[in-house]
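Q: Could we go through this model together? Please begin with how its elements are assigned.

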Amino acid sequence: MPTNAHLDERSRRAREEPMAVHAFGTTLYEVETETGHTYLVDVATRRCTCPDHAFRDERCKHLRRVAIEITEGSVPPPGHRAVTCAVCADGLFVPVDALEPHLCERHRFERGDLAVDRETGGTVLVLGVSPRHADEVRIPAHDCTVAEYATNRGYPADDPVVSAVFPTVDVERGGVKPDSLRVYTFPVSRLTRAEN
Ligand SMILES: [Zn+2]
Ligand SMILES: [Zn+2]
């Protein structure tokens, strides 16, 4: 049995020794040591390719280091990869099969979210976020792109485009007023999350 002092020493080395950890987006992580050795850690099977792990039946410092870095958020958890937010370029981790656009917590909208239009203060109901940019999506009724539309010019032309409707529907004698069902498109930074 290893002594407690021995275990403490291993934990300290796992945390403090210079090691570079690279994630592959699976359960595999590559650990490069200060001396230039490279080992492969599988967090699912808790195995490492280092001799220390192979010859002794205990967790090596590489396995520990990967676990520490996942917990601290300096490498993506299994099945995730590091990307940058399409609006603010903040880093975030997304599942490897996540579709663009990648948006941080502050800039993320999902179908059914309520958002406030910064220009009018009005509340809209989000239908979806497109991976296409504001300068790539046309507004047919105005014969211009979302980016070119007058009240959108203060927002980045490469913003992903959000489609939304107004959550109130006007009903007249003849039925629903077609204008109140119109889908509007916004550069994503023009919208802020509505406080619930
Ligand atoms: Zn190891
Ligand atoms: Zn962001």
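A: Helices (H or I, at least four residues) and strands (E, at least two) are DSSP runs, numbered from the N terminus. The model is a predicted one, in which local features need pLDDT of at least 70 and side-chain atom pairs count only at pLDDT 80 or more, whereas totals for chains, interfaces and linings use all residues. Residues are numbered from 1 along each chain as its sequence is written, chains are lettered from A and ligands numbered from 1 in the order in which they are written, and side-chain values use heavy atoms, without hydrogens or water.

Q: Which residue follows α3?
A: G73 comes after α3, and its phi is positive, near 80°.

Q: Which residues of α3 are buried?
A: They are K61, H62, L63, R64, R65, V66, I68 and E69. Buried means under 20% relative accessible area, exposed over 50%, and partly exposed in between (1.4 Å probe, protein chains only).

Q: What does α3 lie across?
A: The helix lies across β1, β2 (28-33), β3 and β4, and runs at about 65° to β1. Such angles run from 0 to 180 degrees between N-to-C directions, with axes fitted to C-alpha atoms, for helices over the stretch in contact (heavy atoms within 4.5 Å).

Q: In what order do those strands pair?
A: An open sheet of 4 strands has the order β1-β2-β3-β4, with antiparallel pairing (two strands pair if DSSP finds at least two bridges between them). β1 (19-23) and β4 are at the edges with a single partner strand each, so one side of each has no neighbour in the sheet. Strand β3 (residues 38-42) is joined to β4 by 2 bridges, and V41 has C48 in β4 as its bridge partner.

Q: What about the donors of ligand 2?
A: C85 (SG), C88 (SG), C104 (SG) and H107 (ND1) lie 2.1 to 2.3 Å from that zinc ion. Its site is tetrahedral as well, with angles of 98 to 114°. The donor spacing in sequence is C-x2-C-x15-C-x2-H.

Q: Changing topic, which strands form the sheet that contains β14?
A: An open, antiparallel sheet of 5 strands runs β14-β11-β8-β7-β15. Its neighbouring strands are turned by 50° against each other on average, direction ignored. Strands β8 (residues 123-133) and β11 (residues 160-165) pair over 6 bridges, and L125 has V165 as its partner in β11.

Q: Finally, is N152 buried or exposed?
A: N152 counts as buried because its relative accessibility is 1%. This residue lies in the loop between β10 (144-145) and β11. Apart from neighbours within four places in sequence, N152 contacts V146, A147, T185, P187 and R190.

Technical notes. Donors = N, O, S within 2.8 Å, 3.2 Å for Na, K, Ca; no water. Tetrahedral: all angles 85-135°; square planar, octahedral: opposite > 155°, others 65-115°.
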